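Here is a friendly briefing to read alongside the model. Please keep the viewer open, as the points below go residue by residue.

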Amino acid sequence: MTYTAPQGDTLVARFVQARGLTAALAAPLSDADASVQPMPDASPAKWHLAHVTWFFETFVLRDHVPGYAAYDDRFAFLFNSYYEAEGARHPRDRRGMLTRPSLDEILAWRAHVDAAVAAALPGLSDAARTLVELGIHHEQQHQELLLTDILNLFGENPLVPSVWDRPRNVPAQVPAPVRWIEGRSGIVEIGHDGDGFSFDCEGPRHSALLHPHALADRPITTAEYRGFVDDGGYADPRHWLADGWAWVKANAIEAPLYWRRQEDGWRAFALDGLHPLHPAAPVTHVSYYEADAFARWAGARLPTEAEWESAAATLDPSAGNFLDEAGPVRPRAAPAGTGLRQMFGDVWEWTGSAYLPFPGFRPAEGAVGEYNGKFMSGQFVLRGGSCATPRGHVRASYRNFFYPHQRWQFTGIRLAKDL
């Protein structure tokens, strides 16, 4: 990882803040809520709470604190995710069978590990502190996954329960039609520049060739996507890739995930319950297939990740609608402005780029080298973060990645076109 971690109290404070936010996000859940796995792609909340704890206990305490003894030797098998170097593990698609340990036991383990890491930090080596920094960013990734998996779980409940009950913002005015912002062309540099933290897949920095193009000034709204739905977009194979059309037909897809057709029109389920569609907000919970089909229907295309990063490089990655505290999250309407808006926050934006290694990429040594590199097959890159991404977690070079059919994350659409 390309980072020299800050030392002393700064890192302790950031560790405590990250761990506290995860616990706060899970606080409204019962043991039953936290134990159920709604689908193989999602994980129970209890598993997320445990896995990030296993990460710190294994890679920091076990490997860098002499004499540290594991809280419970059985937990390594239960809460390893995909690290082959760490040995056998419980199958991913059966995480929902882990009714024991209880949620209270997991929280007690978290408290034990939190105290041990905080106590050890002042004396840890630079290598260990770098792993703590990686663990904080790893925890932030799981905060977003925790929210999206809770949403998926509650979305399966016929009672459509809300996790948080808070008044919704008054729907904003639907923004003006998309304006096109010409992007840079020619040779550009993309990838992380080595200043601050990055995940291994963000580098090395390298040259990319951009052809003349333009990006939409904002993401596609729910109202605009509703036009695609109402125009029969899900029934017209002309707009779809072959795999996407097969996916639509096999799964009877007719709208984004969590949209529900009711007598009074479409509604959408969110962490604060079932509500009418917010026409001005970015559409979310769409797959790559849907994003690509909408772009074709609109006479445009999805941006490449090089086009997206080049455009975002001069923008503030901390600005935007991000996760700041435990509570309902939702995309918000585009703010007023004339340039590129909502490049960061609100919804992850699908690109047309396959998730592949950058030129010269080499995975790190050891188990942490399995973090990203081995998943560079069959997935597509998303950029920018979402309303469920912790503030400060993303940057212009950040590469998220999912399979083209997946849509339970806060995924949306920004259009591009050739000039």
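Predicted model: local features only at pLDDT ≥ 70, side-chain atom pairs only at ≥ 80, totals over all residues.

**Aromatic pairs**

- The structure holds 33 aromatic pairs.
- In one of them, the ring centres of Tyr-225 and Trp-259 are 6.2 Å apart and the planes meet at 85°, so this pair is edge-to-face.
- Tyr-225 belongs to helix α7 (residues 222-230) and Trp-259 to strand β5 (residues 259-262), so the pair ties together parts that are 34 residues apart in sequence.
- Tyr-355 and Phe-401 have ring centres 3.9 Å apart and planes at 5°, so they are stacked.
- This pair, too, links distant parts of the chain: Tyr-355 is in the loop between β8 (348-354) and β9 (380-383), Phe-401 is in strand β10 (residues 400-402), and the two are 46 residues apart.
- Tyr-355 counts as buried because its relative accessibility is 0%, and Phe-401 counts as buried at 15%.
- Ring pairs also join a cluster whose members include Phe-15, Trp-54, Tyr-82 and Phe-375.

**Charges over rings**

- The charged end of Arg-95 sits over the ring of Trp-47, at 3.6 Å from the ring centre.
- Arg-399 lies over the face of Phe-358, with 4.0 Å to the centre of the ring.

- Leaving aside residues up to four places away in sequence, Phe-79 touches Trp-47, Ala-50, His-51, Trp-54, Leu-98, Pro-101, Ile-106 and Trp-109.
- As general background, nonpolar side chains tend to be buried together in soluble globular proteins.

**Backbone details**

- Arg-100 and Pro-101 are joined by a cis peptide bond, with omega at about 0°; Pro-101 is found in the loop between α4 (75-79) and α5 (103-120).
- The peptide bond from Gly-203 to Pro-204 is cis as well, with omega near 0°, and Pro-204 is placed in the loop between β2 (186-190) and β3 (206-210).
- Gln-342 is not a glycine, yet its phi is positive, near 60°; Gln-342 lies in the loop between α10 (305-312) and β8, and it is buried with a relative accessible area of 9%.
- Asp-346, another residue other than glycine, has a positive phi near 70°. Asp-346 is in the loop between α10 and β8, and it is buried at 4% relative accessible area.

**Overall fold**

- The protein chain has 10 helices and 12 strands.
- Its radius of gyration is 21 Å, close to the 22 Å that the globule rule gives for 419 residues, so the chain is as compact as a globular protein of that length.
- The C-alpha trace spans about 65 × 55 × 40 Å along its principal axes.
- Of the 419 residues in the chain, 55% are buried.
- Among contacts with a separation of 6 or more, 80% are between residues 24 or more positions apart.

Key. Residues numbered from 1 in each chain as written. Heavy atoms only, no water. Contact = heavy atoms within 4.5 Å. Phe/Tyr/Trp six-rings, centres within 6.5 Å; stacked < 30°, edge-to-face > 60°. Helix = DSSP H or I, 4+ residues; strand = E, 2+ residues; numbered from the N terminus. Buried < 20%, exposed > 50% of the residue type's maximum accessible area, 1.4 Å probe, protein only. Lys NZ or Arg CZ within 6 Å of the ring centre and 35° of its normal. Rg over C-alpha atoms; globule rule 2.2 N^0.38 Å.
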